[in-house]
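Hi everyone, thanks for making the time. Could you bring the model up on your screens so we can walk through a few of its helices together?

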Amino acid sequence: VSSSCSSSHALREGEAIKAAILIQRWYRCYMARLEMRRQYALSIFQSIEYAEEQAQLQVYFIYQFFNSPSDFNTAGSDVQLLEYERTIEVPDSYHGPRLSFPLTVADTNSLLHAFKDQQHLHARYVLQLLHETKKLLKQMPNIIHLSTSYSKEITICGDLHGKLDDLLLIFYKNGLPSEENPYLFNGDFVDRGENSIEILIILFAFLLVYPNHLHLNRGNHEDHIMNLRYGFTKEVMKKYRSHSKKILNLLQDVYSWLPLATVIDSKVLIVHGGISDTTDLDFLNLFKRNKVRDHASILLPLFCCTERTHDPERTDFVEYSPIRRVKRCLPGQDIAVKRMTRPSSSSSHRRRYTSDLLDVGEHMCLLHDGVNSGPLLEAQYLESNVRMPSVPSELTAKEWKQVVDILWSDPKNQNGCTPNKVRGGGCYFGPDVTARLLKRYNLKMLIRSHECKQEGYEISHDGQVITIFSASNYYEDGSNRGAYLKLNPDLIPRFVQYQVSKCTRKQTLHQRVSVVEWSALKSLREKLYSRRSELIAAFRQYDPNYTGRISATEWASAVESVLHLDLPWRTLRSRLVQLAPDGSVEYLSCFNDLEIEPAINEVQPALVETLYRYRTDLEIIFNIIDKDHSGLISIEEFRQTWKLFNSHLKIDIDDESIDNLARSIDFNKDGSIDFNEFLEAFHVKHNACLRKKGLHGKRMRWRTRSMVLFGEVIS
């Protein structure tokens, strides 16, 4: 009996172990699948983000036409600025912080409490703060040198991107900046998030209180044109209205004086983006960094150049499609200027002003590179021509290349240094490039930011490169953690991870991953739909008989040839298209769940699709034209700007279609267009049930009415 009981017990134990192993195996497979879904969602987000940054350079080129060199320095003298600040009244009804300079710790505390309560700092104090910050930054070197011997530890934070909750959480976990608790913030303080101006105010305030213990590096988003696309300009205009232009202009000066790099204990280099095979720290430390402004110094030469050579002085730049190489013309070449007066309007927000506008024509001109050599950029103008702004003559090709490389570059696993064609600027640098630079300057480590990492940080190049990213939930709630690192005298980094949780804490892991995946696929499907005509043409090349089906390989090849997102399309196809029983792809099905319903019959479908595709770019251009930030532009400005946009991007839309569109959106026929209201119609609405029930067994359905002019979306 005893023997029988023992064998029975052993049998039950064996079965229990087998069951446990099966459960463990299932759980590991389940977690691996979840991790794979989260990884490809992050890849989708990043690919779309980098493609947008590349498109930003196209808009930047157009921006040059609307800004004369005199626009590059609009902040005014110190005396004028101080007089302007004194004339701004702070009403008794204002209950926010009241700052007095020089600032104290009490001022920083009052700012933190006010922003936690969602209060705004009055425009007068914002201008004063920016003015004082600029004065302090001008005294700093291009490369800051710090030591851990005094404070024992230095905290390094990466991109914040307007996410105030992340900054407040860092301060809560790690303590406020002080003499005993120094910080370095490594650029990209603004854009994307809703509280960029609050983050700048907090960081600048602590910088003024602790100039030796809080340090700031410049990022690639500390740039006026990046701010136009990614939200910071709109945020300032919304929060500060009549004073927004002065704040934004002064911020351009502040950006230009931010230090470019930091070195800790002569062993650790910190830059925002990365390095290249021509990075020269000695050179970076000597030139006048405020020459590298956003308007004519960083992106324009970068836009012209798509090839890198080992000669940092090279100026015979290679063309960037759709720009063609042509012979060099003299800087400042004049062509006729068409003066056009904005029609008067009954709106109290309108004002009459004169601007240089463009009409389609045959005239050509070249942008000058500032060093008087090499072919540059052929610019096609309109019926009349305008004097082209040029890169400041005192800025050399070597200077802008050095700055672009440290602000825009990314590490790669392979050796070598190649152009970063994904972002459209900077380079990809390999472990050999890192090793050579560290050896040359007797450094031990490179710390950079610039890339969202799922865990908030990443170690690469055999431990010599660390990426730190501090904006959690960057793409979507639950998409990534944020992190900061602490560096002690032993130079051993200690990482602290976190994630701001509002609703995600109540969700299961499966629910969190499903939300992130759903958001990524939604963005990708909209990207597919924005290129619908081109994609159908690419599909039809593989389907000459119009069967509606092609192989998975052909479908993947066609999509990549149009979108250039470098995504695993074969893996993603089951989430984007319907598959036939034989495994082929029904390629038109990727458009079934999206549709554009034009509300104006006179407008051609091709123009509707184009507007949908270039919505963000058009918004940037019209914000540039709308000098008084009224949200209103003239019909003639609408026509002229679209013609320039059309000419530059080679979009085949005829003038009659543009005129029909302009007339159709002039509601009260006063010769002006409320373009902000028009753009608000360009968004996508999806079924709420998807968030509750997840993706399984559900087809994602979004309907958009891209030409709805009354702010209403049909679902």
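Let me start with a word on naming: helices are DSSP runs of H or I with at least four residues, strands are runs of E with at least two, and both are numbered from the N terminus. What you are looking at is a predicted model, where local features need pLDDT of at least 70, side-chain atom pairs count only at pLDDT 80 or more, and totals for chains, interfaces and linings use all residues. Residues are numbered from 1 along each chain as its sequence is written, and side-chain values use heavy atoms, with hydrogens and water left out.

Now the overview. The secondary structure comes to 23 helices and 25 strands. Of the 715 residues in the protein, 57% are buried; buried is under 20% relative accessible area, exposed is over 50%, and partly exposed is in between, with a 1.4 Å probe and protein chains only. A contact here is heavy atoms within 4.5 Å. Among the contacts in the protein with a separation of 6 or more, 73% are between residues 24 or more positions apart.

R532 lies in helix α15, residues 532–542. R532 is partly exposed, at 32% relative accessible area. From R532 to R613 the C-alpha distance is 9.6 Å, although the two are 81 residues apart in sequence.

P102 sits in the loop between α2 (78–86) and α3, and the peptide bond from F101 to P102 is cis, with omega near 0°. Helix α3 itself has 12 residues, 105–116, which should span 16 Å at 1.5 Å a residue, and its end C-alpha atoms are 17 Å apart, which agrees. That expected span is 1.5 Å times one less than the number of residues.

Which residues of α3 are buried? They are D107, T108, L111, L112, A114 and F115. Looking down the axis of α3, these buried residues fall within an arc of 165°, so they line one face of the helix. The arc is taken over the directions from the helix axis to the C-beta atoms. On the other side of α3, A106, H113 and K116 are exposed. The cover over the buried residues of α3 includes α5 (164–174) and α6 (196–209). Just after α3, Q118 has a positive phi of about 65°.

The axes of α6 and α8 (residues 232–240) come within 9 Å and cross at roughly 85°. The axes are lines fitted to C-alpha atoms, for helices over the stretch in contact, and the angles run from 0 to 180 degrees between N-to-C directions. The two helices α6 and α8 are therefore roughly perpendicular. In the wording I use, under 35 degrees is roughly parallel, over 145 roughly antiparallel, 65 to 115 roughly perpendicular, and the rest oblique.

On the α6 side, S196, I197, E198, L200 and I201 meet F232, E235, V236, K239 and Y240 of α8. By class, this contact has 6 nonpolar, 1 polar and 3 charged residues. Nonpolar covers Ala, Val, Leu, Ile, Met, Phe, Trp, Tyr, Cys and Pro; charged covers Asp, Glu, Lys and Arg; the others, Gly among them, are polar.

The buried residues of α8 are F232, T233, E235, V236, M237 and Y240. They pack against α4 (123–137), α6, α7 (224–230), α9 (244–257) and α19 (615–625). Just after α8, R241 takes a positive phi of about 40°.

One more helix pair, then. The axes of α16 (residues 552–563) and α17 (residues 569–576) come within 9 Å and cross at roughly 95°. That makes α16 roughly perpendicular to α17. The contact is made by A552, T553, W555, A556, V559, E560 and L563 of α16 with W569, R570, R573 and L576 of α17. Those residues divide into 7 nonpolar, 1 polar and 3 charged.

In α17, the residues W569, L572 and L576 are buried. They fall within an arc of 65° seen down the axis of α17, so they line one face of the helix.

Last stop: two histidines. H564 is in the loop between α16 and α17, with phi near 55°, and H450 is in the loop between β14 (445–448) and β15 (457–460), with phi near 80°. Buried or exposed, what is H564? H564 counts as exposed, at 58% relative accessibility, while H450 is buried, at 5% relative accessible area.
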